[in-house]
Amino acid sequence: MTVRTTRRPGAWDTTTEVVLGVQDVTKEYLGTLPVRALRGVTFDVRRGELVAVVGPSGSGKSTLLHIMGTLDRPSAGEVVVAGHQVSQLSDRSLSALRARHIGFVFQQFFLLSGYTALDNVADGLLYTGMSLADRRRLAVDALTRVGLGDRMGHDSTKLSGGERQRVAIARALVGGPDIVLADEPTGNLDSKSSAAIVELIEELNAAGSTIVVITHNQQIAAGFPRAVAIRDGLIESDTGNGVSP
Amino acid sequence: MTTALAPSRLHAADLARTAAVGLRTRKLRAALSALGIMIGIAAMVGVLGLSESSKSELLAQLDNLGTNLLTVQAGSGIGLGSGELPEEAGAMIARIGPVEQTTTVSAVDANVFKSDLVPSSQSGGLTVQAVDLNLLDTLAGTVADGVFFNDVTASYPTTVLGSVAAERLGIDEVTGTQLIWLGDQWFTVIGILDEFALNPDFDRAALVGMATADAYLDHDNVPTSILVRADPAFVDDVMGVLAATTNPQNPEEVQVDRPTDALEAREAADDAFTALFLGLGAVALLVGGVGIANVMVISVLERRSEIGLRRALGATRRHVAVQFLGEALLLAAVGGIGGVGLGYLVTTIYANVRGWGTLVPPIAIAGGIAAALVIGAVAGLYPAIRAARMSPTEALRSQ
């Protein structure tokens, strides 16, 4: 069901290309009580890495995910995705960047009801301008990769939680993005399904996908090759680039 | 190494598919909001269709009857005359150039009953009219059963009954032996006429020949009305001189009418109602539009996470706006097409009941669908803009 390579999972090599660069990013929410969600965050994600961004709720990790995913812009600092400087891009270009270079997995799955698993995955390529037939063909591959080859025609609302999250992961992967951002992917799952999803993520990474997982779960983070701990909008530790825990 | 970004794209077919998501997943709500538009459009198409069908029916009727029939009647009452026209009036009128045909009618002061046993107070509102042999020709009337007068029967105690008169006297077919009590003597019924579209007075009359009236009813045959067929090109001219020709001494005692005017006046009154109902249809359409706007605003709020997801998948603000606008247009189009169909159906049924041909003007069909789309676009615009303006992070956080 999954493709394995001989490469060590999560291998981190300083010579490989940086897919995601976060440079001194701050994010402030203005209001009656201004909040500084991020206070100067810097780190890189290289091609083929599997990174956990771990932190308690309110640490700023969701804000970081939105900024890394170009769904939000930083108040200061720069984000570089697949070589594109986000600050230089218009809103439309950011959409194009997300359509082709970034895959998202959400805690709530966000599958469209009334659509089959196959069409939910095919919608991952909806805004690339690819034809429906091509999108479905790639969706078949992606669903097979996540182990749902026998569930393609099922209505997405009739699948179990674990299966739904697999569909969502297949949707994030279908276009072969440079980076997949997963926001608490196991947050809505029981421990058994949760373990299976973590295993799937590790397998996909082993097969070459670059994945960043946002989680509050220390145990999951500890199992990954690299964990970036974040607290109060600052990086507390990064097991990948030598910052001591 | 950076390559230029190819823009996000959404094919038209995919746009239609995404616009249909809301309709597919919320069928009842979609059906109800489309129903609002449907009722409005059906009302407008139905009103236009019915008005057009009835108008075309009227035109066909006028065409058939001719608008060149004029009636000349003696006014009666103080200052209006004696109720009689000068005896030579018929001949005078016939001398007017564009007059093609005239026929003289003289009201007989007699009552008509089914038998001599019916009390004389129960005349049933029927009249007795002495007529010329060319009455049917001039009025374009037809015989339903039996025959009209000829030179012989017009001088014997025979009668031809109008349709209402025949019904009230209990005669539905002519056997040649039926007798009725007319002016205190027995008359043989030789014919029953079809209904007159323009001269309903004859429907309630028992007709007798002029010679018969003179010989059997002691009637002097002074004309009470003269029916005139004029050259269609000169109808107005003829109308202008009829009164003076009929009674040069007292033209004001002569009343000249064109019976088709009454039909046209009725049609004009119908037009006023058409405008009123069109207005009501427009109000219904507006309410339907407000319904769609309402449903779309709710839909945008409920589907925040879908909006967030689509932005994450690479949809631009414009893609999101167009999706929701497309959904509103689709709702309106469904309502519009359904409304045109319903309006057409109502028109067909009503026209069939009235015995008219169905005529729904193409402009009503095209206009109905166009109006629905315009309403849909207006109703969908605000929700679409709202959906597009929603920030992706806010939309994703909503759950």
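This is a predicted model: local features need pLDDT of at least 70, side-chain atom pairs count only at pLDDT 80 or more; totals for chains, interfaces and linings use all residues.
Now look at β7 of chain A, residues 179-183. In this strand, 5 of the 5 residues are buried, so β7(A) is largely enclosed by the rest of the structure. The burial covers both faces. On one side sit A:Ile179, A:Leu181 and A:Asp183. On the other sit A:Val180 and A:Ala182.

β7(A) has a partner in β6(A), residues 102-105. These two strands pair in the parallel sense over 4 bridges. To find the pairing, look for A:Val105, which stands opposite A:Ala182 of β7(A). β7(A) also pairs with β8(A), residues 211-215. Here too 4 bridges join the strands, and they run parallel. A:Val180 stands opposite A:Ile211 in β8(A).

How does the chain get from β7(A) to β8(A)? The path goes through helix α6(A), residues 191-206. This β-α-β crossover is right-handed.

Phi of A:Glu184 is near 45°. That is a positive value in a residue other than glycine. Is A:Glu184 buried or exposed? It has 21 other C-beta atoms within 10 Å, and 20 or more count as buried, so A:Glu184 is buried.

Helix α6(A) also packs against another helix. Two packed helices are described by the angle between their axes and the distance between the axes. The axes of α5(A), residues 161-173, and α6(A) come within 9 Å. They cross at roughly 20°. Angles under 35 degrees count as roughly parallel, so α5(A) and α6(A) are described that way. α5(A) passes α6(A) in a right-handed crossing. From α5(A), the residues that meet α6(A) are A:Gly161, A:Gly162, A:Gln165, A:Arg166, A:Ile169 and A:Leu173. They meet A:Ser193, A:Ala196, A:Ile197, A:Leu200 and A:Leu204 in α6(A).

Next comes the contact between the chains. It takes 29 residues from chain A and 28 residues from chain B. On the chain B side, α2 (21-25), α10 (304-312), α11 and α13 (392-397) each supply at least two residues. Which of the elements gives the most to this side of chain B? α10(B) does, with 5 residues.

Stay with α11(B), residues 317-354, and look at how α1(B), residues 12-19, meets this helix. Their axes come within 8 Å and cross at roughly 70°. Angles of 65 to 115 degrees count as roughly perpendicular, so α1(B) and α11(B) fall in that class. α1(B) passes α11(B) in a right-handed crossing. α1(B) makes the contact through B:Leu15, B:Ala16, B:Thr18 and B:Ala19. α11(B) makes it through B:Val322, B:Gln323, B:Gly326, B:Glu327 and B:Leu330.

What does β12(B) pair with? One partner is β1(B), residues 69-74, in the antiparallel sense over 5 bridges. There, B:Leu70 stands opposite B:Val228. Another partner is β4(B), residues 99-108, in the antiparallel sense over 6 bridges. In that pairing, B:Val105 has B:Ser225 as its bridge partner.

Finish at B:Asp184, in the loop between β9 (179-182) and β10 (185-193) of chain B. Phi of B:Asp184 is near 65°, a positive value in a residue other than glycine. B:Asp184 has 12 C-beta neighbours inside 10 Å, and 12 or fewer count as exposed, so B:Asp184 is exposed.

Technical notes. Residues are numbered from 1 along each chain as its sequence is written. Chains are lettered from A and ligands numbered from 1 in the order in which they are written. Two strands pair if DSSP finds at least two bridges between them. A crossover is right-handed if, with the strands pointing away from the viewer, the path from the first strand over the helix to the second runs clockwise. Axes are lines fitted to C-alpha atoms, for helices over the stretch in contact, and angles run from 0 to 180 degrees between N-to-C directions. Angles under 35 degrees count as roughly parallel, over 145 as roughly antiparallel, 65 to 115 as roughly perpendicular and the rest as oblique. A crossing is left-handed if the near helix is turned anticlockwise from the far one by less than a right angle, and right-handed if clockwise. Two residues are in contact if their C-beta atoms, placed from the backbone, lie within 7 Å.
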